[in-house]
Amino acid sequence: MVKFSKELEAQLIPEWKDAFVNYWQLKKHIKQIKLSRKNHPPQDQLNHAFGRSIFDPIHFLAEKFSHKLFNHDKKSDNIIEVKRKVMEEGDDEVYETELAQLFSEEDEVRAFFERLDEELNKVNHFYKSKESEFLERGEILNKQLQILLDLKQILGDRRRKTNAGILPRSWSSSARNSNVSDESGGGMSDNPTETTETDDVIAALERNGVSFINAATTTRSKTKKGKPKVAMRIDIPAETPTRTISAVTSILWEDLVKNPKKEGPGDFINKKKIQCAEKMIRGAFVELYRGLGLLKTYSSLNMLAFAKILKKFDKVSNQKASASYLQVVKRSHFSSSDKVVRLMDEVESIFTKHFANNDRKKAMKFLRPQQQKDSHMVTFFVGLFTGCFVSLFCVYAILAHLSGIFSASTEVAYMETVYPVFSVFALLCLHLFMYGCNLFMWKSTRINYNFIFEFSPNTALKYRDAFLICTTFMTAVVGAMVVHLLLRASGFSPSQVDAIPGILLLISICLLVCPFDIFYRPTRYCFLRIIRNIICSPFYKVLMVDFFMADQLTSQIPLLRHLESTACYFLAGSFKTHQYETCKNGRLYRELAYVISFLPYYWRAMQCARRWFDECDPNHLANMGKYVSAMVAAGARITYTKQSNHLWFGIVLVTSVVATVYQLYWDFVRDWGLLNPNSRNPWLRDDLILKNKSIYYISIALNVVLRIAWAETVMRFRINIVEWRMLDFFMASLEVIRRGHWNFYRLENEHLSNVGKFRAVKAVPLPFRETDSDC
């Protein structure tokens, strides 16, 4: 049977852990009471220590019968007395327990109930604050939904009149802040019934926070035709390139021309923008429902924790205090309030009606997404493909030795044809393996990576799935390498045999973009979408998963360089002619080496610029400087490989040292949150997820060593091409391992930031601004 403490640890909300009942601390108080009872046995045990009598059973039965008959309820009620006080500052309730009966271990019992009161007050206070927050959010969402419905009604009416040739569309807006301007055209009918209907709808919009241009308290501003001018601000986030460009254009227009467009032809409030607003409101309702569900879980788990700990107290103290205290707990706000349940029912009905076409089953798929169950078949195939990979690798090593491919006559040909492609797969699979290890560690330490990355829980990749993809690819790659060697040994044409790595690469790309729902399609498409966002930086809004993936790309520059040589090798037809110097001697190939080495850092720097544009936080500019310094250092190292003189050696040394110190500072202080001299954990941080502090110190030292691996590029080792290729692959693998090691502490710091702010629900921006916040 699983202990309740482990069950509570597994079910509690990680971001709200500090707000839960500290069950483990209360258990320590129970142990203190137990130890005190052993040192000071009760009086009835001391009386029996002098001997027993034959009349003891009769005396015991009589005493028990009289106790049940006359004094059953009095004992439990008189042990403790819980008083409820209301604070003068607000409506907060405070509970204090007084002992109404003397205990042999009175000090320990009093300390237990004092701590129990503190936990009850803490739970009540947190529940009230979150409940009021969600209730307020619910009211705001109801207003937003009503504005959306009214606006859709107006658009529907205008569209029908436009189609009938009565009214031209003239609602102007900007992409960043859409100002809806309702100006009547010359063809507007002067029918008073239509005017009254329009006024009713506009009045409804006003009640929900819509402002009017030059509106007075009693009358509204009129156009030349006598119709009111409506001005409503719609904030659609600039998440796509078109919206971003429009937003920047609007800001430049307002700043440079000093004449903001309030009434121009501009863009129109069309169906697409209303759909964007509807999507935002729908997402906000989903997050509200999720938060309410978490709060409901919070209430039930704390109630169960109070019941369990009081039961333990009764058992240890041989008293019956749980009944009276549990009644107080049940009457407390976090247990007795039904506002959360009622709001959940209301959200369900609203979502079903307005976002699911009255289909409750469809609505529940959005509100309560089901997590995938772990399959034993995945574990089986991981083991199967791991065994196949090890066996095939041993076969490859034996065949490579027997065929002599690393001899002086064949090593150049083999390294130029096979190594670039297979090293791409090897580095990619190593990165996947490290990501699988990250997923395993994040799950073991209760780091909510799905919430941080905003992954859907029903399609998110699990660590077993990552290991399955890794082992499958490595088995296929080593299998292709074995087939390649066997065909070479069988006397097949080199131009045909050397096409095998290209075919493997082509199959992998086709599988990545395959539209069929096989081989983790949601994960593949999510990966492609993230890569698109990175490549198009800074035009897409930057999310946590976007810059996290961009950081991974900065560690895979050797992989990108190998892709460059592979593409040149096959596209230029070198695999047929075996003229390996065709690509390397080309000017475009040499210049692309700079571009490919710069691109990951450039993308990451543009993401920092976009985040600074969105959040106006100068720290993002400082972070951008780190990637600019890395670009300069990378360019200097590439130039040094071509021009090996003392000048470029000094430039490489200076730029690389500056970039490394910059990166190490940002790793430890910003990304990991360590090196805090005032922390209670020396030179770490106050909160640590891993219990063993020495792991953090070892990780700091390991990160420093792996960060200075660039020193290998300035050392001139006199080795042959095979050894040079192997050294190159080894150094690239070390950087991938360092990145996987970095990933854990980066997400640990992000998770602890969410825990410190009790942030367990995503904050979804709303499209319609309230009147008082409109400027």
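The following is a set of questions and answers on how terms are applied to residues of this predicted model.

User: What makes F306 and F334 an aromatic pair, and why is the pair called tilted?

Analyst: Ring centres must lie within 6.5 Å to pair, and those of F306 and F334 are 6.1 Å apart. The angle between their planes is 45°. Planes under 30 degrees apart count as stacked and those over 60 as edge-to-face, so 45° falls to the remaining class, tilted. F306 lies in helix 9 (residues 271-317) and F334 in helix 11 (residues 333-336), so the pair ties together parts that are 28 residues apart in sequence. Both F306 and F334 are buried. By this rule the structure has 38 aromatic pairs.

User: Why is the pair of Y435 and W442 called edge-to-face?

Analyst: The planes of Y435 and W442 stand at 80°, and an angle over 60 counts as edge-to-face. The centres are 6.3 Å apart, which is within the 6.5 Å limit. Y435 and W442 also belong to one aromatic cluster together with Y449, F453, F455, F548 and W742.

User: How do you know whether Y435 and W442 are buried or exposed?

Analyst: Buried means under 20% relative accessible area. Y435 has 18% and is therefore buried. W442 has 0%, so W442 is buried too.

User: What makes R739 a charge that sits over a ring?

Analyst: The charged end of R739 is 4.6 Å from the centre of the ring of W742, and the limit is 6 Å. The charged end must also be within 35 degrees of the ring normal. R739 is listed as sitting over the ring of W742. R670 is likewise placed over the ring of W666, at 5.3 Å from its centre.

User: Why do R115 and E119 count as a salt bridge?

Analyst: A side-chain nitrogen of Lys or Arg must be within 4 Å of a carboxyl oxygen of Asp or Glu. E119 is buried, with a relative accessible area of 3%. R115 and E119 are also linked with E118 and K122 in a network of salt bridges. The structure holds 22 salt bridges.

User: What makes the salt bridge of E348 and R368 a link between distant parts of the chain?

Analyst: The closest N and O atoms of E348 and R368 are 3.0 Å apart. E348 is in helix 12, while R368 is in the loop between helix 13 and helix 14, 20 residues apart. E348 has a relative accessible area of 7%, which makes E348 buried. R368 is at 43%, a value between the 20% and 50% cut-offs, so R368 is partly exposed.

User: How do you know that R738 and E735 are about one helical turn apart?

Analyst: R738 and E735 are 3 residues apart in helix 30 (residues 721-756), so about one turn separates them. They form a salt bridge with closest N and O atoms 3.0 Å apart. R738 is buried, at 0% relative accessibility.

User: What makes N358 and Y520 worth a remark on phi?

Analyst: Most residues other than glycine have a negative phi. N358 has a positive phi, near 60°. Y520 is not a glycine either, and its phi is about 60°. N358 is in the loop between helix 12 (339-355) and helix 13 (360-367), and Y520 is in the loop between helix 20 (500-512) and helix 21.

User: Which peptide bond is cis, and where is P538?

Analyst: The bond from S537 to P538 is cis, with omega near 10°. P538 is in the loop between helix 21 (521-535) and helix 22 (544-554).

Definitions and conventions. Residues are numbered from 1 along each chain as its sequence is written. This is a predicted model: local features need pLDDT of at least 70, side-chain atom pairs count only at pLDDT 80 or more; totals for chains, interfaces and linings use all residues. Side-chain values use heavy atoms; hydrogens and water are left out. Rings of Phe, Tyr and Trp (its six-membered ring) pair if their centres lie within 6.5 Å; planes under 30 degrees apart count as stacked, over 60 as edge-to-face and the rest as tilted. Helices (H or I, at least four residues) and strands (E, at least two) are DSSP runs, numbered from the N terminus. Buried means under 20% relative accessible area, exposed over 50%, partly exposed in between (1.4 Å probe, protein chains only).
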